[in-house]
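These are my notebook entries on one chain. I record what I looked up, in the order in which I looked it up.

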Amino acid sequence: LYYYVLNYNLSLGRGVYADLPHKALPPYRTFPQGWAYRVFSVENMPPDSSGWYKRSLDLWEVSRARPAVTSDFFSVHALDYGASALNNLGVQALNDRKLDIAETAFKRSLLFQPRLYQGWNNWGNVLYQKKDYERSAACYRIALAAKESPNYRYNLGRALMAGGHKEQAEK
């Protein structure tokens with residue numbers, strides 16, 4: 001039934017969306033778009049995703065979504081989903097070497113959820129790619145403060161080494 005519904009709607013050109021990317025089973029893939037993930041068959045993925053990134057970031061601007069001023073469960077939970085969607089958009093852009101788009105997505109995700117340690121690590125990865133090693137190291141430190149991780153620690157050492165701080169990097 002799953003494949004029938006997807007095939008039918010995609011064949012009619014309808015947009016099909018999932019709330020989480022892993023809900024699109026093979027042979028389908030997703031692309032982050034706003035608070036959701038657009039589902040595509042592998043053969044119908046957009047050949048140039050530049051327009052898709054712009055459209056997704058525009059959806060965030062149109063939504064006027066802002067960080068919650070309340071700490072009730074549902075508001076925080078909704079912002080967690082939104083921050084994760086922006087973070088995943090950034091990861092997709094980073095994988096496609098669209099560094100400015102990735103950086104914008106990670107910054108916006110952290111506006112919604114400053115404790116999103118993956119966002120800090122990912123933003124650090126963008127800054128590292130841009131050879132901004134000092135700011136990259138700062139992002140990795142924030143990620144480590146939020147959650148101890150061998151990956152984040154390695155990334156910090158790598159940024160410190162590249163920035164000329166060999167002694168700190170070795171520690």
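**Surface and overall make-up.** I took accessible areas from the Shrake-Rupley method with a 1.4 Å probe; for residues, only the protein chains shown count as cover. On that basis the chain exposes about 9900 Å², and carbon and sulfur atoms supply 56% of this area. I note that this is a predicted model, in which local features need pLDDT of at least 70, side-chain atom pairs count only at pLDDT 80 or more, and totals for chains, interfaces and linings use all residues. Residues are numbered from 1 along each chain as its sequence is written, and side-chain values use heavy atoms, with hydrogens and water left out.

I call a residue buried under 20% relative accessible area, exposed over 50% and partly exposed in between (1.4 Å probe, protein chains only). Of the 171 residues in the chain, 42% are buried. Helices (H or I, at least four residues) and strands (E, at least two) are DSSP runs, numbered from the N terminus. I found eight helices and three strands, in the order α-β-β-β-α-α-α-α-α-α-α along the sequence. I count a contact where heavy atoms lie within 4.5 Å. Among contacts with a separation of 6 or more, 46% are between residues 24 or more positions apart.

I looked next at strands β2 (residues 28-33) and β3 (residues 36-41). Two strands pair if DSSP finds at least two bridges between them; β2 and β3 have six, in the antiparallel sense. P32 has Y37 of β3 as its bridge partner. Two residues separate the strands of this hairpin, and G34 in the turn has a positive phi of about 65°. Five of the six residues of β2 are buried. In the loop between β1 (16-18) and β2 I located P27, which is joined to P26 by a cis peptide bond with omega about 10°.

I checked the length of α3 (residues 73-95): its 23 residues reach 33 Å from first C-alpha to last, close to the 33 Å expected. The expected span is 1.5 Å times one less than the number of residues. The buried residues of α3 include L79, G82, A83, L86, L89, G90 and L94. R97 lies in the loop between α3 and α4 (99-112). Its phi is positive, near 65°, in a residue other than glycine. R97 counts as exposed because its relative accessibility is 52%.

K131, in the loop between α5 (117-129) and α6 (133-146), is another non-glycine residue with a positive phi, near 65°. At 60% relative accessibility, K131 is exposed.

Which residues of α6 are buried? I listed Y133, S136, A137, C139, Y140, A143 and L144. They lie on the same side of α6, because they cover an arc of only 160° around the axis; the arc is that of the directions from the helix axis to the C-beta atoms. In an α-helix there are 3.6 residues a turn, so residues three or four places apart point the same way. The cover over the buried residues of α6 includes α5 and α7. The end C-alpha atoms of α6 are 20 Å apart, which agrees with the 20 Å that its 14 residues should span.

**N155.** In helix α7 (residues 150-162) I looked up N155. N155 is buried because its relative accessible area is 10%. Leaving aside neighbours within four places in sequence, N155 is in contact with N121, N125 and Y140.
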